[in-house]
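Please keep the sequence and the model in view while reading.

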Amino acid sequence: GLKWSSAQITMYYSPASLVGRQIIAAMNLGPKRIAGFTSEVLVLGVMESPADVILLSPDRPAPNGSRIA
């Protein structure tokens, strides 16, 4: 299915650059209301500053939905 997320990643990533890309995220934490938007997924990244986030991603392909260890 589809899940929605609100993440501040626009400094380094365009929507087109994210299509088909694997990232690391936490799910099933419950929906959170962020600035009028309901986010269902916590996208994980490294904060260079409050507005600049570098996404975490596996260094080789992994099955989608795999557990984070």
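Asn28 counts as exposed, at 70% relative accessibility; exposed means over 50% relative accessible area, buried under 20% and partly exposed in between, with a 1.4 Å probe and protein chains only. The model is predicted: local features need pLDDT of at least 70, side-chain atom pairs count only at pLDDT 80 or more, and totals for chains, interfaces and linings use all residues. Residues are numbered from 1 along each chain as its sequence is written, and side-chain values use heavy atoms, with hydrogens and water left out.

Asn28 is located in the loop between strand E1 (25–26) and strand E2 (32–34); strands are DSSP runs of at least two E residues, numbered from the N terminus. Although Asn28 is not a glycine, its phi is positive, about 60°. Most residues other than glycine have a negative phi. Ala35, in the loop between E2 and strand E3 (37–39), also has a positive phi, near 50°. Ala35 is exposed, with 83% relative accessibility.

## A hairpin

Strand E5 (residues 45–49) pairs with E6 in the antiparallel sense over 4 bridges; pairing requires that DSSP finds at least two bridges between the strands. The two strands E5 and E6 form a hairpin with 2 residues between them. Val46 has Ile54 in E6 as its bridge partner.

## A nonpolar surface patch

Val46 and Ile54 also belong to a nonpolar patch on the surface, together with Met11, Tyr12 and Leu56. Such a patch joins nonpolar side chains (Val, Leu, Ile, Met, Phe, Trp, Tyr) within 5 Å, from residues with over 30% relative accessible area and no salt bridge, a salt bridge being a side-chain nitrogen of Lys or Arg within 4 Å of a carboxyl oxygen of Asp or Glu. Together the five residues have about 430 Å² of accessible area, computed by the Shrake-Rupley method with a 1.4 Å probe, where only the protein chains shown count as cover for residues.

Leu56 is found in the segment after strand E6 (52–55) and is partly exposed, at a relative accessible area of 33%.

Notes. Patches are made of residues with over 30% relative accessible area and no salt bridge: like charges are joined within 9 Å, nonpolar side chains (Val, Leu, Ile, Met, Phe, Trp, Tyr) within 5 Å.
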